Amino acid sequence: GRALAEGRAPVPLSNPHPGHFEQDPEDWWSSTASSLREVTQQINPARIAAIAISNQRETFVPLTEDGAVIRPGTLWLDERAKVEVAEFAAQFGAERIHAITGKPCDVTPCIYRFLWMKKHEPENFARFGMVTELHGYLAWRLTGQFVTSTASADPAGVLDMPSHTYSDEILSAIGLSKTQFPQLFRPGDVMALMSADAAHATGLLEGTPVVAGGGDGQCAGTGVNVFATNRAYINLGT
């Protein structure tokens with residue numbers, strides 16, 4: 001548990017309208033890569049056994065099928081979808097939403113921002129090919145695979161809690177499908193291996209395992225050391 005190295009980089013925040021909070025996903029990636037380069041300048045990358053991500057949950061970005069960013073990512077503190085919370089609760093049933101997702105109807109889960117974009121940005125919503133929270137986006141940039149942790153995907157509000165899979169019932173009601181979301185892994189499982197491009201950008205070795213992580217507060221509560229602004233954890237081998 002002893003921290004051997006640390007890297008940091010800022011991530012700009014945009015507030016284009018009252019209650020709207022956004023970031024550029026390219027800044028998520030550039031800050032992650034910069035932070036990891038700082039770490040790999042302090043430690044021989046050959047000693048790094050694996051990497052995992054801890055992140056702000058309820059923060060997501062929609063992408064086209066080939067991974068191009070459709071619009072800025074929206075953050076957990078975004079409050080634009082208050083009307084959509086009430087509308088979906090009335091349409092689908094607040095008790096049914098809670099029973100499936102484990103979440104009371106509230107503005108924080110991503111699902112209501114999906115609905116806000118469907119209503120207010122229909123041209124963008126129609127282009128949704130991939131929809132991912134922050135953990136899944138960084139995992140995709142690190143590995144080239146569309147994968148994420150259940151602990152980070154859950155706050156989107158589209159998972160069926162008893163089965164820990166995407167809810168067809170919820171997704172059908174909002175006009176999306178499970179094929180548009182990352183493959184799910186339990187925290188602690190190896191999701192994929194570091195790609196050559198990501199290795200070049202970060203200083204890590206190609207083939208380094210990328211392990212499913214979790215939310216920033218949840219990981220902090222278990223005593224996990226934080227090594228970067230974007231909560232990139234390094235596990236050192238012997």
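The pLDDT of this predicted model (the predictor's confidence in each residue, from 0 to 100) averages 92, and 93% of the residues score at least 70. Residues 226-238 fall below 50, although this stretch has 56 contacts in the model beyond near neighbours in sequence; a contact means heavy atoms within 4.5 Å. Where pLDDT is low, the predicted coordinates should not be read in detail.

Some ground rules before the details: residues are numbered from 1 along each chain as its sequence is written, and side-chain values use heavy atoms, with hydrogens and water left out. Because the model is predicted, local features need pLDDT of at least 70 and side-chain atom pairs count only at pLDDT 80 or more, while totals for chains, interfaces and linings use all residues.

**Salt bridges**

- The structure holds twelve salt bridges, each being a side-chain nitrogen of Lys or Arg within 4 Å of a carboxyl oxygen of Asp or Glu.
- One of them pairs the side chains of E22 and R71 at 3.1 Å, N to O. E22 sits in strand β1 (residues 22-23) and R71 in the loop between β3 and β4 (73-74), so this pair ties together parts that are 49 residues apart in sequence. Helices (H or I, at least four residues) and strands (E, at least two) are DSSP runs, numbered from the N terminus.
- Both E22 and R71 are buried; buried means under 20% relative accessible area, exposed over 50%, and partly exposed in between, with a 1.4 Å probe and protein chains only.
- E84 and K119 form another bridge through their side chains, at 2.9 Å, N to O. Helix α2 (residues 82-101) holds E84 and helix α3 (residues 111-120) holds K119, so the pair ties together parts that are 35 residues apart in sequence.
- In this pair, E84 is buried with a relative accessible area of 3%, whereas K119 is partly exposed with 39%.
- D154 and K103 also meet in a salt bridge between side chains, at 2.6 Å, N to O. D154 lies in the loop between α6 (150-153) and β7, and K103 in the loop between α2 and α3, so parts that are 51 residues apart in sequence are tied together.
- Both D154 and K103 are buried.
- Shared partners join the salt bridges of E22, R71, D78, R80 and E121 into one network.

**Cavities**

- A search of the whole structure finds three cavities of 30 Å³ or more. On a 1 Å grid over the protein atoms alone, a cavity is a set of points where a 1.4 Å probe fits but cannot get out, and lining residues have an atom within 4 Å of a point.
- The largest cavity holds about 70 Å³ of space; grid points are joined across faces, edges and corners, and the volume is the space filled by probe spheres set on the points.
- Its lining has 13 residues, and V131, T132, E133, A156 and F181 are the closest to the centre.
- Strand β5 (residues 130-133) gives the most to this lining, with three residues.
- By type, the lining of the largest cavity divides into eleven nonpolar residues, one polar and one charged. Ala, Val, Leu, Ile, Met, Phe, Trp, Tyr, Cys and Pro count as nonpolar, Asp, Glu, Lys and Arg as charged, and the others, Gly among them, as polar.

**Positive phi angles**

- E58 is not a glycine, yet its phi is positive, near 60 degrees. E58 is placed in the loop between β2 (48-55) and β3 (60-63), and counts as buried at 18% relative accessibility.
- H164, also not a glycine, has a positive phi of about 55 degrees. H164 lies in the loop between β7 (159-160) and β8 (165-166), and counts as partly exposed at 38% relative accessibility.

Key. On a 1 Å grid over the protein atoms alone, a cavity is a set of points where a 1.4 Å probe fits but cannot get out, and a pocket is an open set with protein on both sides within 12 Å along at least five of seven lines; lining residues have an atom within 4 Å of a point.
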